[in-house]
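Here is a briefing on one protein model. Take a look at the sequence and the structure, then read on.

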Amino acid sequence: LVLLCISSYSFPSGCPSAWVVMAPKKATAKAASASAASGSSAKILEAFKKYDKNKDGTISKEELKALLSKLDSSVWSEKRLEKLVKAIDKDKNGKIDYDEFTKWVMGTTDNKDKQAVLDAAKADSASKTEEPKSESKDSKSASAADSKGDKKKEEAPTDSADADLSELMETIFKFFDEDQDGQLERVELLTGEEKRMGQLDFGPSERKKVIAWFKEAGAEGNPTSGMFLSKEKWDVAFKARITEEAEGEPLVEWLKKNYSVCLEPPKTSKKITDEEVKKEDPDAPREPPKYPITVPFQELDQHIAQAGSFDKTALVLSCGLNEVETFMSYQINSLVDVKLILNEVFISKSKPREEAQKEVRSKVKVAMNSNGFCKPLHIRMANSAFDWVSFCGEEVPSDIFCGSKMTVEHAHELGLVDTGHRVLLSCDDRWTSYQVVITSTFDLEKAQEFLADKLPHFSEMAIIIVDPESVKK
């Protein structure tokens, strides 16, 4: 098949790629065939544009009627228009997109209706190109000036809205693209959607829908070796998706309401340094609290930061509070989702253990070097008792669970940071932003029973219990 891309018309979001499909010709007729196809494509495109008055990339029944009625209003009744729309609208959504229009025009059926549709578009073009013969020079100038002014008034809001939409989409993509490598991985998409929708609302059915969209958008790879979607493909697919879901509502306003979580400024907890403590209270002793400690939910971020200032891994026990995971989803971190590992490696067995270990190692490295900076590594256990002791090895060193051992030098020895980044980290305090935070829905009793022999260096962790009574029901 010979595929010709129609690039002369700027298609709005949601309009499928415009491809004209033609049967192959003999080698000697290739040039003539391409030329004829190009001419036909241009005519089809021009006709489509004449009907698509609001430039939304589709033709409605009303837009068809507007032009066909000019040709012969007595012939084009509501019943005939309905029949015509049904003949062209193959996906039965009530509107005709460019792909459907092209296939219908290039097809072999409905020849009389087809000619009438093309004639009406041609007649509309002719009526617009005719100029009044007796128009004075002054009136022409005035008319042109008015037209120019009106055009500016119409275009200005559109240009501004497009710019705002592009800016919002850029922010949303960065929210999903956790490692900021310019492409969206399958795990990043699922993690981002869970943050946006909330853990309770993002159930199995929603996950399936998101994965289906991810594949349809053009994701490359496979679940075993990894899947990713380029920024360019995401832009096209995401814009089409939100255009459909917004149902005519201005996209900028719709995104602000439905993707507000993605647009919020990221939050991060700064570790408390010795110098800052001395400034506040010069006589304050620099000793860690006697863990485990119970804290109100409202002070959780402070206590996580405090644990980090003593080079301790924080084990946060939420005692079943969903608010803790919601809070953590708003933070800047590199996420390791234990339930995802359990599902892919041990339940569905869609991913080998070695591949999962490599992915965890990658998450650790991103936490230690995120565009030259560091951020926390969040290990989300949920209600599982995942055996990290047996999972750790060469790819995932058990020392990542021990804050006091994981120094810049040790991270370099383990190959988690390169030499250049090690030098950079040794020059300032950015390493203090790296910290391992483990969250579990267990209470202290369950953690001691089920996690003590599953988490490396459990006895050295800063165990922080969130007081359920601190959250008003």
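**The six-stranded sheet**

Six strands build an open sheet in the order β8-β13-β9-β12-β11-β10, and the pairing is parallel. β8 (293-296) and β10 stand at the edges with a single partner strand each, so one side of each has no neighbour in the sheet. On average, neighbouring strands here are turned by 25° against each other, direction ignored. Strands pair if DSSP finds at least two bridges between them. Helices (H or I, at least four residues) and strands (E, at least two) are DSSP runs, numbered from the N terminus.

This is a predicted model: local features need pLDDT of at least 70, side-chain atom pairs count only at pLDDT 80 or more, and totals for chains, interfaces and linings use all residues. Residues are numbered from 1 along each chain as its sequence is written, and side-chain values use heavy atoms, with hydrogens and water left out.

**The protein as a whole**

- The secondary structure comes to 20 helices and 13 strands.
- The protein has 473 residues, and 41% of them count as buried. Buried means under 20% relative accessible area, exposed means over 50%, and partly exposed lies in between (1.4 Å probe, protein chains only).
- Take the contacts between residues at least 6 apart in sequence: 67% of them join residues at least 24 apart. Contact means heavy atoms within 4.5 Å.

- Strand β10 (residues 334-337) runs parallel to β11, and four bridges join them. Leu335 has His378 in β11 as its bridge partner.
- β11 also pairs with strand β12 (residues 436-440), in the parallel sense, over five bridges. Here the bridge partner of Leu377 is Val436 in β12.
- Strand β9 (residues 314-317) pairs with strand β13 (residues 462-467) over four bridges, again in the parallel sense. Leu315 has Ile463 in β13 as its bridge partner.
- Helix α15 (residues 338-347) packs on this sheet and touches β10 and β11. The direction of α15 makes about 45° with that of β10. Axes are lines fitted to C-alpha atoms, for helices over the stretch in contact, and angles run from 0 to 180 degrees between N-to-C directions.
- Helix α16 (residues 353-368) packs on the sheet too, touching β10 and β11. The direction of α16 makes about 160° with that of β10.

**Buried strands and Arg380**

- Strand β11 (residues 377-382) has six of its six residues buried, so the rest of the structure largely encloses it.
- From β11, Leu377, Ile379 and Met381 point one way, while His378, Arg380 and Ala382 point the other way.
- In β10, Ser334 and Val336 point one way and Leu335 and Asp337 the other way, and all are buried.
- Beyond its neighbours within four places in sequence, Arg380 is in contact with several residues, including Glu194, Glu325, Asp337, Lys339 and Thr439.

**The three-stranded sheet**

- Three strands form an open sheet in the order β5-β7-β6, and the pairing is antiparallel.
- β5 (183-185) and β6 (220-222) stand at the edges with a single partner strand each, so one side of each is left without a neighbour in the sheet.
- Neighbouring strands of this sheet are turned by 25° against each other on average, direction ignored.
- β6 and strand β7 (residues 226-230) run antiparallel and are joined by three bridges. Asn222 stands opposite Gly226 in β7.
- Helix α7 (residues 186-197) lies across β5 and β7, at about 80° to β5.
- Helix α8 (residues 204-216) packs on the sheet, touching β5 and β7, and its direction makes about 65° with that of β7.

**A helix pair**

- Helix α9 (residues 231-246) packs against helix α10 (residues 251-258) at an angle of about 90°, with the axes 10 Å apart. That makes α9 roughly perpendicular to α10. Roughly perpendicular covers 65 to 115 degrees; under 35 is roughly parallel, over 145 roughly antiparallel, and the rest oblique.
- Phe238, Ile242, Thr243, Glu245 and Ala246 in α9 meet Leu251, Trp254 and Leu255 in α10.
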